[in-house]
Amino acid sequence: MTASSVTPGLLGRRLWNAPSFLRLRREGAVAPVSAFLVFFVVYVIINPELLTRFQLQTASNLVVPLALAALGQLIIVLVGGIDISIGAIMSFSNVVFATAMVSLPVPLALLAGIGAGLICGLFNGALVAYGKLPAIAVTLASAFIIGSISREVMDRPGGGITPEFYLATSGELLPYVPVALFWLAIVAVLLWLLLQRTALGRHIYGVGSSADSVRAAGLNARGAQLAAFALSGVIVALGGIMLAGSTITGDPRSGDPYLLSSIAAVALAGASFTGGRGSIIGTILAACTLGLVGNLLFFAGINSYWQYVIAALIVISVVGLPVLWRRIYQAVRGVRA
Amino acid sequence: MSIPQQGGAVAQAAAPPAPPEALLVVRGLVKHYGPVRAVEDVSFSCQAGEVHALVGENGAGKSTVAKMLAGAVSPTAGSIGFGGVELGSGSIRDSRQAGVTCAFQELALVPEWTVAENLSLPDGAPLRGFSQKKATRAARALLDRLELEHIDPSVPVYSLSLADRQLVEIARAIAADPQLLILDEASSALAPPGVEWLFRRIRELTARGTAVVYVSHRLSELAEIADRGTVLRDGKVAGEFRRGAWTDDQLISLMAGREASRHFPESPPTPAADAPPVLEVKNLVSPGIDGVDLTVRPGEILGVGGLQGHGQAELLRALYGAAPAVADHWHLGGHRIKRLTPVRAVRLGAGYVPEDRKREGLALQMSVGENLLSPWLKAFGLGGRPLLGSQSSWISGVLRSLSVRTRGPLERAGALSGGNQQKLVFGRWTDRDRRLVLLHDPTRGIDVRAKQELYDAIVRLSGLGVAVIWFSTEVEELVHVCHRVVVLYRGKIADELEGERLTADAVVGAAVGVKGRR
């Protein structure tokens, strides 16, 4: 399905066909991973300062909430849906967490924030899986509902985030190792284990590929769909909490910009919007690429209005190049044969 | 085949009382979909170690019965007794746990899952660990045990051919070690060796005491494998038969409810050999095709035979321009061709009936009339009802000449039965000044009556001077209807059979690489 049987000269054929690499190729992650590597090198050339402790920390605080939102979006896309309420869920768990921090101890506040995301996910999931409604309609509606509730909980930025919490989410774990990246890595590894190494995870991939077939195999397709929405809600809530930590405030509008970016990151990651195909590492690196475009332009001295144009060009070229490459490859092979 | 015996098939509506030792006892099964009565009072029984066939035309209700047995559909009324347990809860999981598995007609494999995942995931709870390595190893062992060494368990199912997918689907049903195995048109995409493989597996299972419910259209298969059978017509039991006590004609008339004396129409007269060829191609090369020469004259029916995956599908796609192809010399309808696209092929007088009617052939959500007109729609022309109105005489002519059973040109194409859908895909090319029509196994998985109607339509088309290239997995069709048959083997023409040499044995022989058998 990818530009598969082509071997790029540099990588050996053995590496190209190794099982783990095969999975990356099948999930469409080769293009976004390579794109990130190229982008990273360009970034460091334009702005070598990125590799200082301060800039690494700000860059990861910028990127990690987007990466978590993108992972949440990926899970919904895997089951063949799309989540318009991602930004709203993020704001909601953000304000619930910030409000809870005023009066509750941190673990309870964390639970409240995550629980808020979980409830939103279960609400969407129940309507999609058991109400058999289209995901885009359900999540569009819930985006408005959740958005209103967030403003009811907290109508202007505030809340009780402490500096200690800032250090725990957005400080440094070790010199040169931002703690935000550490938390992202833990979430990513747990999610990877769940999706690739449990039957439920494979069911989630299967439901997106063909829900009827999963049902015909005697499996609970609706349950897998509901689980995917719940899981997505939890991960997006973690994104909202990380965002609260890095900005030291709760804000009912803080999640809104993440909706389109999360969809863009999933598209950049090469996931199939009809479901069943998408990679975690590809999504995270795609989110990193898109999240850092603005910074790069700032350091390159280009007007930041161009940020979205550049991001759009990256998405189109990364998604389009494999298609173009495959077409050229087939044409060349047809002529040669 | 069978021993002809007058009155051997017992044509009676009421089933005899089930013997007490029967493993599966179906009584008074009824299924209504709204006002549509799909199954009406069906009763039969099946012993352990027995192969019980369910036959009938499409829409006769046999797939619905099979689905109720498998738990995919819950019955409106009636009972399914299975070894003393009552099934029919409408849960596939319950049926599987009771020991009933089913290979579905509409393939129930998840395309993005690997073969190993498809084989291993259906068993067990969702909350448990899953290891690709272990699953692949287990799948490898299973496939080896079932003589399917050629299937790689680590590839995703979407990359397999239709026949291999069907083999995996059957393997999955067998792997659960069922007490009752339901095979719903399980052989529809299999070539003769695949069918033999299936029969070996069925015999292994029945020797262990597993009962098999075998749903099929292919009468020759029934003669070989079925111990007993039930004929369904319009959702009711039309009759029963047992091994050796029936003939094809009896069964067909039971299924169709009328006397159907022969399977195949008379071959049309052999076309004039001096007419300029419609299609002439030398050394055609395309992915899967390795140097094929073909010449087809007006009014000729050229059969394409061979085992699945030896380049037949690729050949048809290349000739229609749907796959990239080059040739040393290529003429279609008097025009020289360097590169072909489907649009150009249609303009030069070609038509194509693709392999998968649901995916490639039809827009299931659109109307019958729009589907018939789809190659003839103009970007800036009329659409919808005005278009159907202006074309109504052609549409009704096609629907009538192919006897498509539909409520009219405005009905949704997805609501038709398989055979009638296939007629739509075929019908769009009739009466439209075609010079060449390419058919990819048009009779796959459709009932006997629809098949005969399609044969008649193909012969009628060739009588009008249209050249037909027809790939079929059923050797009998090639032998009886075609003027000439080319058999492909590994992307090349292994043999060209005509006149005296055109026999079923010769086609099968050439398909497995044995040349010159008679």
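**Figure 1. Helix H1 of chain B and its buried residues.** In H1(B), Lys62(B), Ser63(B), Thr64(B), Val65(B), Ala66(B), Lys67(B), Met68(B), Leu69(B) and Ala70(B) are buried. Buried means 20 or more other C-beta atoms within 10 Å of the residue's own; exposed means 12 or fewer, partly exposed lies in between, and C-beta atoms are placed from the backbone. Nine of the nine residues of this helix (62–70) are buried, so the rest of the structure largely encloses H1(B). Gly71(B) follows H1(B) and has a positive phi, near 90°. Helices (H or I, at least four residues) and strands (E, at least two) are DSSP runs numbered from the N terminus. The model is predicted: local features need pLDDT of at least 70, side-chain atom pairs count only at pLDDT 80 or more, and totals for chains, interfaces and linings use all residues. Residues are numbered from 1 along each chain as its sequence is written, while chains are lettered from A and ligands numbered from 1 in the order in which they are written.

**Figure 2. Chain B as a whole.** Chain B holds 18 helices and 20 strands. Its radius of gyration is 24 Å, which agrees with the value near 24 Å for a compact globule of 518 residues. That radius is taken over C-alpha atoms, and the globule rule is 2.2 Å times the number of residues to the power 0.38. Along the principal axes, the C-alpha atoms of chain B fill a box of roughly 70 × 50 × 50 Å. Of the 518 residues of chain B, 49% are buried. Among contacts in chain B with a separation of 6 or more, 69% join residues 24 or more positions apart. A contact means that two C-beta atoms, placed from the backbone, lie within 7 Å.

**Figure 3. The open sheet of chain B.** Six strands line up as S6-S7-S8-S3-S9-S10 (chain B), with mixed pairing. Strands pair if DSSP finds at least two bridges between them. S6 (100–103) and S10 (236–242) of chain B are the edge strands, each pairing on one side only. Neighbouring strands of this sheet are turned by 20° against each other on average, direction ignored. S6(B) and S7(B) (residues 180–184) run parallel, joined by four bridges. Val100(B) stands opposite Leu180(B) in S7(B). Helix H6 of chain B (residues 192–207) lies across S3 (51–55), S7 and S8 (211–215) of chain B, at about 150° to S8(B). Axes are lines fitted to C-alpha atoms, for helices over the stretch in contact; angles run from 0 to 180 degrees between N-to-C directions.

**Figure 4. Strand S14 of chain B and its partners.** S14(B), residues 329–332, covers one face, Trp330(B) and Leu332(B), and leaves the other uncovered, His329(B) and His331(B). S11(B) (residues 279–286) pairs with S14(B) in the antiparallel sense over four bridges. Leu279(B) stands opposite Leu332(B). S15(B) (residues 335–336) also pairs antiparallel with S14(B), over two bridges. Here Leu332(B) stands opposite His335(B). Two residues lie between the strands of this hairpin, where Gly333(B) takes a positive phi near 55°.

**Figure 5. The contact between chains B and A.** 26 residues of chain B are in contact with 27 residues of chain A. Helix H2 of chain B (residues 92–98) gives the largest share of the chain B side, three residues. By class, that side has 18 nonpolar, three polar and five charged residues. Ala, Val, Leu, Ile, Met, Phe, Trp, Tyr, Cys and Pro count as nonpolar, Asp, Glu, Lys and Arg as charged, and the others, Gly among them, as polar.
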